[in-house]
Amino acid sequence: MKSKFIRVSLAVGVLIATQHYAGVASAAPPANVVVTWTMLVNQSFETFVVNNQGALGTCKLILGTLSGWPANGWYCPADGRIHFIRKNAGVPIKVFDGIVADRVVNTPDRIGGTYASDYAPT
C-alpha cells in the first residue's frame, strides 16, 4: 500500500511539474512588437506605434511614433526587454525602459516600464 502511495505521489508531482514548465514556456514575449500600444504614463494615456522592427541581431531595431512624435529604440524578443527614445526636432525628450508582456488572445497588449526625462531646458 505504501509503495502504491509513493508511485501515485510521484506521478502527481511529475504532472504538476510538467504543467508548470509548459505554462512558463507558453508565456514567452511576442516575437514582433509592430502594433499600436496604449500606455498609461504620468496619469495620462500615450500611444506608442511601432511601424517597423528590424530582422537582424538578438535585439531588434524598432521605429515608430510616441503620441505622434518620432521614437526609435530596440526590442529583445527573447526576454521582452524594450527601450525607446522620443525625440522633438531631433532632441531626445523621453527615454522609456520596460518589458513587453506575453500576448494573450482577446486581451489588450501590455507594456510596462519607466520613463525618464532626457532633456532639461537651460
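The exercises below go through a predicted model, from its sheet to single residues.

**Exercise 1. Work out the strand order of the sheet and find which strands stand at its edges.**

Solution. 
- Step 1: Trace the pairings. The open sheet has 7 strands in the order 1-2-3-4-5-6-7, and the pairing is antiparallel.
- Step 2: Look for strands with a single partner. These are strand 1 (36–41) and strand 7 (111–117), so one side of each has no neighbour in the sheet.
- Step 3: Ignoring direction, neighbouring strands are turned by 30 degrees against each other on average.

**Exercise 2. Describe how strand 6 pairs with strand 7, and find the residue opposite Val95.**

Solution. 
- Step 1: Strand 6 covers residues 91–100, and its antiparallel pairing with strand 7 runs over 7 bridges.

**Exercise 3. Characterise the disulfide: which cysteines does it join, and what is its handedness?**

Solution. 
- Step 1: Count first. The model has 1 disulfide, and its partners are Cys59 and Cys76, with an S to S distance of 1.8 Å.
- Step 2: Take the torsion about the S-S bond. For Cys59 and Cys76 the value is about 95 degrees, so the disulfide is right-handed.
- Step 3: Cys59 lies in the loop between strand 2 (44–53) and strand 3, while Cys76 belongs to strand 4; the two are 17 residues apart, and the pair links distant parts of the chain.
- Step 4: Check accessibility. Cys59 is partly exposed at 29% relative accessibility, whereas Cys76 is buried at 1%.

**Exercise 4. Decide whether Arg86 is buried or exposed, and look for a charged partner.**

Solution. 
- Step 1: Locate the residue. Arg86 sits in strand 5 (residues 81–88).
- Step 2: Arg86 is buried, and the nearest side chain of opposite charge, that of Glu46, is 5.1 Å away.
- Step 3: Apply the cut-off. A salt bridge needs a distance within 4 Å, so Arg86 has none.
- Step 4: List the surroundings. Leaving out residues up to four places away in sequence, Arg86 touches several residues, among them Leu66, Trp69, Pro70 and Ile93.

Technical notes. Residues are numbered from 1 along each chain as its sequence is written. This is a predicted model: local features need pLDDT of at least 70, side-chain atom pairs count only at pLDDT 80 or more; totals for chains, interfaces and linings use all residues. Side-chain values use heavy atoms; hydrogens and water are left out. Two strands pair if DSSP finds at least two bridges between them. Helices (H or I, at least four residues) and strands (E, at least two) are DSSP runs, numbered from the N terminus. Axes are lines fitted to C-alpha atoms, for helices over the stretch in contact, and angles run from 0 to 180 degrees between N-to-C directions. Buried means under 20% relative accessible area, exposed over 50%, partly exposed in between (1.4 Å probe, protein chains only). Lys and Arg count as positive and Asp and Glu as negative; His and the chain ends are not counted. Contact means heavy atoms within 4.5 Å. A disulfide is a pair of cysteine sulfur atoms within 2.5 Å.
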